[in-house]
Number of protein chains: 2
Amino acid sequence: MLTFKQLRYFLAVQQHHHFGNAAEEVCVSQPALSMQIRDLEKELGLCLVERNARSIRITPEGEEIARRANQILREMQDLKDYAKHAASPLSGIIRLGVIPSLAPYILPKLLPALIKQYPDLQLNLRETLTASLVSELKHGTLDVVLAALPIEEPELEEVPIFEDHFLLAVSSSRKIDERKRMGPDDLHGENLLLLEEGHCLRDQTLSFCGAISQNQSANVGATSIATVLHMVAAGYGVTVLPEICADTEIADDRITLLRFAEPQPSRRIGLIWRKTSPKSEDYMALARCLRNVTN
Amino acid sequence: MLTFKQLRYFLAVQQHHHFGNAAEEVCVSQPALSMQIRDLEKELGLCLVERNARSIRITPEGEEIARRANQILREMQDLKDYAKHAASPLSGIIRLGVIPSLAPYILPKLLPALIKQYPDLQLNLRETLTASLVSELKHGTLDVVLAALPIEEPELEEVPIFEDHFLLAVSSSRKIDERKRMGPDDLHGENLLLLEEGHCLRDQTLSFCGAISQNQSANVGATSIATVLHMVAAGYGVTVLPEICADTEIADDRITLLRFAEPQPSRRIGLIWRKTSPKSEDYMALARCLRNVTN
DNA sequence: TATATTGATAAGATATCCTGATCCTTATGC
DNA sequence: GCATAAGGATCAGGATATCTTATCAATATA
């Protein structure tokens, strides 16, 4: 069978035009090199080196083979370089899935920090609902997911990043004292605006104040938090907003944010990956990085 | 050291997603394959396959490595194919040198015959003077040379192809009976037109009738036989023309060709190559082909 | 003619690789 | 829960392959 060693030895011969020197270059004895060349020639059924007493000559076919061998060894080196590059911590490709109620708010902070700290990391991003993310994670299409905990799949590892408190967003026309701390009861009779089915934020909101406003909420199903907030600003109702979205979304003074009374409702944001993933270390580092940008 | 085998085994794993089946495909036992994969991963310092109890998964880096490995193996196969192709008789690259007083006359016959009989042969042609051809042959820049014998270099093999008789080309205005057989004496007092220095044909002509017309010939030195013949046609003198050129060059009825008396002067055309060349067989076949097209 | 150079060859030591048996972990069926 | 099956890892022993050292053969050089 054709081997890389044969090609390497042959290239040395082709460069040195001398078996002895070539052998020295590849750090073997001259007979070892001679044999490999002989094997290569036998393998290819082709004379590559013309030996005449005092000097050697590469045949035209030999030169062509050398060209090809060179190309192959170069690509081999590239492969090794790639591996070396990818082996350093938090480098190479990581496919990260993020839920829609986090991606727009956390990624603008995360990405610059990651690029700065781990310049060799190449992040492939995907934004969709938790159910899809978990499915893709289990299937191997994603490596790691940033979502609300708990997921509680036995094969998945999850580590918490931070607690994301919920705020109540109401129309500023309501003239409520911002220092007032809200309780679930204060939602009585309010039109609660929610994201469409499948969003974990919708489920969390409902489980927090579900019994209270079950019926009113059925009529909405927005596709993004921005949309919901526009509706709040326009006076259609109120919504529950994760604190992490506040900075980005509330440039609108028609909306007032109210904090809930302790114990404040919140969602726990965490990082999830397969327990069997060989890059757990990397994901831990990613989690640390996430904590840094979110506190 | 990274080996070809490791890449092949890994690609099998990547395709089958199963060590056992992959091992079967590459015709080794499963432990053997496992070890090669382990060695490859150690070599690259990189986890390529994520093993979890019941199934395996290729890591993103693994997929990238697989892509590169595939490319490398494909080029390896190309190299083998090239070698196989080049190994068949009279195939691959042959660099042929031909002297100027032969190339235009013999190649139009030779090339079609060669292409028909040896379609895998790739002929690189070079036309220049004998001295250069021999030098390049000895240096290895050429593989085989078609020229006038003898060369008589100890390291070169030469085989005769055919005898190329010399004819005397004179202006048709001379009204000489074409059936008359010329002797060297008939050149007395003629203006003998010759190619420039370095052409073997010039030397051969001079050695044949040198003593006779030494002084008259000094004034010319054409760069091609066609040029010389134009001068003959215009009445500037006579020249000695190899028979092989006759068909091609004498479409001009202002020139009459006269045959010399026996023993007719001639040059012996032959094929020359390095005795150490690994393709002597091929050159013998080439010589046979040349004889077929020149008799 | 003696000597040096250079690749080929031979013999023995060493390293590598493979096979077959077995082990370990995890999922599945009863 | 327990037994079984699946699938990869590990191990021991033997087969191959590869290397090194010593030597040879051919040729060029002094």
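**A glutamine and a chain contact**

Modeller: Let's start inside chain B. Beyond its neighbours within four places in sequence, Gln204(B) is in contact with Ala148(B), Phe166(B) and Arg267(B). Keep in mind that this is a predicted model.

Biologist: Which helix does Gln204(B) lie in?
Modeller: Helix α7 of chain B, which covers residues 200-217.

Biologist: And is Gln204(B) buried or exposed?
Modeller: Buried, because its relative accessibility is 17% and the cut-off for buried is under 20%.

Biologist: New topic. How many residues does the contact take from chain B and from chain A?
Modeller: Chain B gives 45 residues, and chain A gives 45 residues.

Biologist: What area is buried between chain B and chain A?
Modeller: About 3,800 Å². Carbon and sulfur atoms give 68% of that.

Biologist: How many salt bridges are there between chain B and chain A?
Modeller: Four. One pairs Arg274(B) with Glu50(A). Their closest N and O atoms are 2.8 Å apart.

Biologist: And how many residue pairs are in polar contact between chain B and chain A?
Modeller: Seven, counting pairs with both residues at pLDDT 80 or more.

Biologist: Which elements of chain B give two or more residues to the side that touches chain A?
Modeller: The helices are α1 (4-16), α4 (60-87) and α6 (130-139). The strands are β1 (49-52) and β3 (92-98).

Biologist: Which gives the most?
Modeller: α4(B), with 17 residues.

Biologist: How do the residues on that side of chain B divide?
Modeller: Into 19 nonpolar, 11 polar and 15 charged.

Key
Residues numbered from 1 in each chain as written. Chains lettered and ligands numbered in written order. Predicted model: local features only at pLDDT ≥ 70, side-chain atom pairs only at ≥ 80, totals over all residues. Heavy atoms only, no water. Contact = heavy atoms within 4.5 Å. Buried area = accessible area lost by both parts, 1.4 Å probe. Salt bridge = Lys/Arg side-chain N within 4 Å of Asp/Glu carboxyl O. Polar contact = N/O pair within 3.5 Å; in protein donor to acceptor, adjacent residues only side chain to side chain. Helix = DSSP H or I, 4+ residues; strand = E, 2+ residues; numbered from the N terminus. Nonpolar A, V, L, I, M, F, W, Y, C, P; charged D, E, K, R; others polar. Buried < 20%, exposed > 50% of the residue type's maximum accessible area, 1.4 Å probe, protein only.
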